[in-house]
Amino acid sequence: VHSMHRVLIDGIGRLLDTPDPATGMRPAFAIVADKATNARQTGQMGGLIVLVRGVKVALLLAIDVVRAALSEVGEATLAPGSGKNLALHLVATLVGGKPLKLGVPAVQEQLTAYGFDGQYMGSGEGNNSGLNVAGHMALMLGMRSEFTLATWDAAHMLELAVADGRKVLPFWAELAKSVSGVQSQYLFGKGFDRLFLAAAREMHTVTCDKVNSLRV
């Protein structure tokens with residue numbers, strides 16, 4: 001599994017480092033991210049959207065647990081869900097070898113946009129109480145945030161519309177609840193998290209054999 005992952009990451013690295021034949025420039029990309037907190041543990045997904053031979057491609061890079069971290073001065077502790085801590089993890093995804101190890105100058109040249117939900121936004125995007133993840137990333141990478149575009153992605157806006165629809169259409173709410181109940185049984189992340197927490201309660205390590213033995 002790790003070897004296949006390494007092959008994929010190496011291939012993404014080569015893609016981002018190869019100049020486009022039409023422009024002679026390395027491809028521009030947007031970074032996308034989302035977070036979820038379950039059982040007091042915050043996880044963040046980070047990925048890229050990049051044009052490959054004229055086709056828009058989404059690439060998943062990492063899903064990490066975001067833990068508390070020290071600030072730059074080594075005094076204040078950054079909460080797992082703080083904008084600065086989330087930005088630190090995304091920067092590490094691009095330049096810190098987790099998993100990509102692009103040069104900072106390359107990222108300054110190629111990173112052109114961010115796709116987040118409303119909570120990640122800052123005052124520049126109209127959310128004065130938001131986490132301002134794009135702004136924190138720009139400071140960490142030595143970039144000017146006004147030269148990149150942070151957008152509230154359509155998928156999250158659609159989720160909000162669906163949530164509003166559930167409030168006014170009881171039938172829709174019941175249908176969505178039924179579908180969600182079935183889907184939740186097949187969500188790898190939540191399933192693994194439940195298994196991990198159960199194993200912690202039993203004070204033993206989860207192994208592949210034990211995971212397989214739980215199949216029904």
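In which sense do strand β1 and β2 pair, and over how many bridges? Strand β1 (residues 29–38) pairs with β2 in the antiparallel sense, over ten bridges. Two strands count as paired if DSSP finds at least two bridges between them.

1. Basis of the model. This is a predicted model, in which local features need pLDDT of at least 70 and side-chain atom pairs count only at pLDDT 80 or more, while totals for chains, interfaces and linings use all residues. Residues are numbered from 1 along each chain as its sequence is written, and side-chain values use heavy atoms, with hydrogens and water left out.

2. Overall content. The protein chain has eight helices and seven strands. Helices (H or I, at least four residues) and strands (E, at least two) are DSSP runs, numbered from the N terminus. Of its 216 residues, 30% count as buried; buried means under 20% relative accessible area, exposed over 50%, and partly exposed in between (1.4 Å probe, protein chains only). The chain exposes about 14200 Å², and carbon and sulfur atoms supply 61% of that area. Accessible areas come from the Shrake-Rupley method with a 1.4 Å probe; for residues, only the protein chains shown count as cover. Among contacts between residues at least 6 apart in sequence, 51% join residues at least 24 apart, where contact means heavy atoms within 4.5 Å.

3. The sheet. Five strands form an open sheet in the order β3-β2-β1-β6-β7, with mixed pairing. Its edge strands are β3 (55–66) and β7 (149–152), each of which pairs on one side only. On average, neighbouring strands of this sheet are turned by 20 degrees against each other, direction ignored. Axes are lines fitted to C-alpha atoms, for helices over the stretch in contact, and angles run from 0 to 180 degrees between N-to-C directions.

4. On to β3, pairing with β2 is antiparallel over eleven bridges, and Gly47 has Leu60 in β3 as its bridge partner. β2 and β3 form a hairpin with two residues between them. In that turn, Arg53 has a positive phi of about 50 degrees.

5. Gly43. This glycine is found in strand β2 (residues 41–52). Gly43 is partly exposed, with a relative accessible area of 22%. Leaving aside neighbours within four places in sequence, Gly43 is in contact with Asp34, Lys35, Ala36, Asp64, Val65 and Val66. Gly43 and Asp64 are 21 residues apart in sequence, and their C-alpha atoms are 5.5 Å apart in space.

6. Helices on the sheet. Helix α2 lies across β1, β2, β3 and β6 (111–116), running at about 120 degrees to β3. Helix α5 (residues 154–168) lies across β1, β6 and β7, and runs at about 25 degrees to β7.

7. Helix α2 in detail. The expected span of a helix is 1.5 Å times one less than its number of residues. For the 13 residues of α2 (residues 83–95) this gives 18 Å, and the end C-alpha atoms are 18 Å apart, which agrees. Buried residues in α2 are Gly83, Asn85, Leu86, Ala87, Leu90, Val91, Ala92, Thr93 and Leu94. Just after α2, Gly97 takes a positive phi of about 80 degrees.

8. Asn85. This asparagine is found in helix α2 and is buried, with a relative accessible area of 1%. Leaving aside neighbours within four places in sequence, Asn85 is in contact with Val66, Arg67, Ala68, Ala69, Leu78, Ala79 and Pro80.

9. Aromatic pairs. The structure holds two aromatic pairs. Rings of Phe, Tyr and Trp (its six-membered ring) pair if their centres lie within 6.5 Å; planes under 30 degrees apart count as stacked, over 60 as edge-to-face and the rest as tilted. Tyr114 and Phe116 form a tilted pair, 5.7 Å centre to centre with 35 degrees between the planes. The rings of Phe116 and Tyr120 have centres 4.9 Å apart and planes at 40 degrees, so this pair is tilted. Tyr114 is buried; Phe116 is buried, with a relative accessible area of 0%; and Tyr120 is buried, with a relative accessible area of 1%.
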